[in-house]
Amino acid sequence: MTARADHIPVLLDEVIRSLAITPGAEIVDGTFGAGGYSEAMLRSGARVYAFDRDPDALLEGADLAGRYEGALRLYAACFSIMDRALTEDGVNAVDGVVLDIGVSSMQLDRAERGFSFQKDGPLDMRMSRDGESAADFVNTADEADIANIIYRYGEEHRSRRIARAIVAARPLSTTAELAATVRKAVGHKPGAPKDPATRTFQAIRIHINSELDELTQALDAAERLLRPGGRLVVVTFHSLEDRIVKQFFRERSGGAGNVSRHMPLTQTKGPEPTFAKAEKAVRPTKAELDRNPRARSATLRAATRTSALPWAQQEIAA
Ligand SMILES: C[S@@+](CC[C@H](N)C(=O)[O-])C[C@H]1O[C@@H](n2cnc3c(N)ncnc32)[C@H](O)[C@@H]1O
């Protein structure tokens with residue numbers, strides 16, 4: 001079995017249905033991964049612009065691009081810059097944007113990528129394979145900064161104790177060393193349903209890859225790029241991400257009152273909604289969870305773009 005085949009696309013049928021693809025529709029797949037969504041969209045007759053910041057994912061995507069010659073374009077880039085990258089290629093608007101946030105099974109399962117506490121590998125966690133690694137962070141950051149990251153991005157209330165233990169154990173160079181340090185700091189009951197290192201690993205990964213900033217910027221980019229009637233479909237895997245998506249849809253559909261960081265406070269009339277009210281969130285069925293337990297925390301949210309100008313442009317026009 002190839003590494004690509006190891007990633008089972010999450011909520012695939014629901015994503016494809018939600019995108020309402022018509023032949024020739026132009027869709028951005030912001031998170032190519034193993035190409036599961038892209039392949040299904042190509043099969044439905046779409047032209048796909050696929051992004052992934054992980055160079056390994058795109059190497060594996062070359063095969064798919066070959067099979068759907070001309071219909072799949074791959075971008076080794078972050079999804080936060082999707083509109084800029086496409087505009088440079090002469091594409092100014094698309095019919096759909098899909099984001100499947102988080103890590104792929106290939107990233108998690110390959111020990112050398114350093115994402116998993118279940119496999120020993122170098123403490124890396126960089127999706128793009130450049131910039132600060134997890135080892136750089138835990139070995140050089142202040143104890144207070146480490147505690148803040150673990151608290152904020154791991155929602156871990158024992159963050160101070162863990163940060164103290166990390167600093168005392170430095171230098172740390174492997175995922176097993178970090179996991180053992182966290183378990184020792186907070187106590188590990190063998191057989192407990194959740195490993196105590198889970199939240200700390202999530203937090204450091206989010207920090208290293210600026211995941212929440214990336215998501216926030218991608219939603220704005222999608223607002224700029226989508227045609228009226230276009231669909232924005234986002235799958236998230238934990239509450240921090242889901243909150244950002246839910247809030248974005250609520251705000252941009254006019255459901256959060258007329259308060260906007262894009263509009264002056266003196267403005268009496270709020271900006272025009274750029275999205276229709278988001279549909280009810282979709283969660284995996286029991287059948288999907290039986291097939292793929294990794295889907296358990298997935299949530300799909302989606303909404304349709306209106307014809308209003310993006311909020312940042314409405315501000316300029318106001
Ligand atoms: C859950 S996987 C996507 C799986 C894909 N939907 C499929 O069906 O195969 C997430 C992918 O998004 C990529 N990714 C995460 N954050 C990104 C970002 N800010 N920009 C571009 N790609 C990103 C990861 O490298 C990973 O390959």
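Predicted model: local features only at pLDDT ≥ 70, side-chain atom pairs only at ≥ 80, totals over all residues.
**Ligand shell**

Residues are numbered from 1 along each chain as its sequence is written, and side-chain values use heavy atoms, with hydrogens and water left out.

In total I have 23 residues surrounding the ligand, and the closest are D52, F79, D100, Q107 and E214.

F79 uses its backbone instead, with an N or O atom 2.9 Å from a nitrogen of the ligand. F32 also comes in through a backbone N or O atom, at 3.5 Å from a ligand oxygen. How much of the ligand's accessible area does the protein cover? I get 98% of the 600 Å² that the ligand has on its own. Accessible areas are Shrake-Rupley values with a 1.4 Å probe, and for residues only the protein chains shown count as cover.

I then checked the backbone. R170 and P171 are joined by a cis peptide bond, with omega at about 0°. P171 lies in the loop between α8 (159-169) and α9 (175-186). For helices I used DSSP runs of H or I with at least four residues, for strands runs of E with at least two, numbered from the N terminus.

A20 shows about 45° and is found in the loop between α1 (12-19) and β1 (26-29). Is A20 buried or exposed? It is exposed, at a relative accessible area of 54%; my cut-offs are under 20% for buried, over 50% for exposed and partly exposed in between (1.4 Å probe, protein chains only). E155 has a phi near 45° too, and is found in the loop between α7 (143-154) and α8. At 35% relative accessibility, E155 counts as partly exposed.

**Aromatics**

How many aromatic pairs does the structure hold? I have 5, taking Phe, Tyr and Trp rings (the six-membered one for Trp) with centres within 6.5 Å; planes under 30 degrees apart are stacked, over 60 edge-to-face and the rest tilted. One I wrote down is F248 with F275: the centres are 5.7 Å apart and the planes at 65°, so the pair is edge-to-face. This pair links distant parts of the chain, with F248 in helix α12 (residues 239-252) and F275 27 residues away in the loop between β6 (255-258) and α13 (286-291). F248 is buried at 7%, and F275 is buried at 1%.

F249 also pairs with F275 edge-to-face, at 5.7 Å centre to centre and 75° between the planes. F249 sits in helix α12, 26 residues from F275, and is buried at 2%. I therefore logged F248, F249 and F275 together as one aromatic cluster.

I also looked for charges over rings (NZ of Lys or CZ of Arg within 6 Å of the ring centre and within 35 degrees of the ring normal). R305 has its charged end over the ring of F275, 6.0 Å from the centre. R152 lies over the face of Y153, at 5.2 Å from the ring centre.

Q314 is in helix α14 (residues 311-317) and counts as buried at 12% relative accessibility. A polar atom of the Q314 side chain lies 2.7 Å from the backbone nitrogen of E272.

Last entry: I204 is in helix α10 (residues 198-208) and is buried, with a relative accessible area of 0%. How far is its C-alpha from that of A179? I have 12 Å, for residues 25 apart along the chain.

Notes. Near = heavy atom within 4 Å. Polar contact = N/O pair within 3.5 Å; in protein donor to acceptor, adjacent residues only side chain to side chain.
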